[in-house]
Amino acid sequence: MRSFVQVAFALISLIHVGVSADNIDYHSFSFNASASAQTVTVHVATISDVSGGKLSVKPPLEGCGHRVKTSATATADGCTFATNAGFFNMDTGACIGAIVSDGKVVEVDNSSKPVFAITSSGKMVFDDLTSGELASMGAVQAVAGSDMLVTNGKKSCTAASLVAPRTGVAVNGKGQAMLVVVDGIETLKAGVYLTDFADIMLHIGAVNALNLDGGGSSTAFYNGKIVNQPTCEDIPIICERTVTTIMCAV
């Protein structure tokens with residue numbers, strides 16, 4: 001008899017699904033991760049145009065310090081595709097790292113951290129930045145991550161890490177943004193190392209890529225429903241974790 005884990009995660013092997021909207025192309029595929037020696041399911045949304053708020057960082061309606069499911073914030077903000085985004089304090093819900101949403105500073109961080117930002121002209125920036133530097137460049141969207149996975153087309157992540165589900169944001173050679181989620185179960189060491197995640201980013205054509213909050217937070221939402229298999233408690237039960245910020249594409 002197949003175990004619960006085998007049944008719950010049967011869909012992660014050998015699938016390839018593609019769906020397109022006007023500004024968003026979503027597909028999922030299987031990837032053989034070399035470091036973790038696993039075949040994982042990868043969910044990718046490619047966003048052709050990020051200007052004018054078409055790709056944004058959204059906090060909970062109540063702001064940082066509150067945790068809400070990705071799907072709830074995505075529905076409230078009319079997102080076509082969404083993922084979880086920045087790191088947060090699991091006890092208090094406080095956002096970690098600089099956050100800018102639709103031109104409004106949501107969280108100030110004067111320490112330099114790897115950040116994904118979009119300026120008022122629609123330029124995407126991946127760099128170590130403080131809140132002050134984000135303000136100086138005219139960032140209208142920004143979220144802090146943990147590690148740069150790909151920098152200028154080359155793998156840049158060498159940090160040790162856990163095998164876990166992952167979420168990240170990237171830009172490809174055509175100047176299109178990509179939101180990426182990898183399924184897994186952290187306590188069962190199912191998922192990928194950060195080095196594997198960097199390989200995935202290179203595989204899909206990323207020129208620059210940043211790791212965002214992962215593990216049980218990793219969630220992908222498309223057209224009104226969850227399309228990945230989130231594990232909110234890091235155990236083999238499919239459930240959606242409450243988070244703080246999300247990436248929202250329309």
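Author: What follows is a short talk through the disulfides of this predicted model.

Reader: How many disulfides does a search of the whole structure find?

Author: The search finds three disulfides. Numbering the bonded cysteines of the protein chain in sequence order, they pair as 1-3, 2-6 and 4-5.

Reader: Start with C64. Which residue does a disulfide join to C64?

Author: C64 is joined to C95, with an S to S distance of 1.9 Å. The link is left-handed, at -95° about the S-S bond.

Reader: And where do C64 and C95 sit in the chain?

Author: Both are in loops: C64 between β4 (55–58) and β5 (68–69), C95 between β6 (81–84) and β7 (99–101). The two are 31 residues apart, and the pair links distant parts of the chain.

Reader: C95, buried or exposed?

Author: Buried, with a relative accessible area of 6%.

Reader: Next one. How far apart are the sulfur atoms of C79 and C248?

Author: The sulfur atoms of C79 and C248 are 2.1 Å apart, and the two residues form a disulfide.

Reader: What about the torsion for C79 and C248?

Author: The angle about the S-S bond is -115°, which goes with a left-handed link.

Reader: Are the ends of that one buried or exposed?

Author: C79 is buried at 7% relative accessible area, and C248 is buried at 2%.

Reader: Then C232 and C239. Why is that disulfide left-handed?

Author: Because the torsion about the S-S bond of C232 and C239 is about -90°. Their sulfur atoms are 1.9 Å apart.

Reader: How does accessibility look for C232 and C239?

Author: C232 is buried, with a relative accessible area of 11%. C239 counts as partly exposed, at 21% relative accessibility.

Reader: Changing topic: C157, buried or exposed?

Author: C157 is buried, with a relative accessible area of 4%.

Reader: Back to the pairing. Which cysteines do I write down for the bonds?

Author: Put down C64 with C95, C79 with C248, and C232 with C239.

Notes: Residues numbered from 1 in each chain as written. Predicted model: local features only at pLDDT ≥ 70, side-chain atom pairs only at ≥ 80, totals over all residues. Heavy atoms only, no water. Disulfide = S-S within 2.5 Å. Helix = DSSP H or I, 4+ residues; strand = E, 2+ residues; numbered from the N terminus. Buried < 20%, exposed > 50% of the residue type's maximum accessible area, 1.4 Å probe, protein only.
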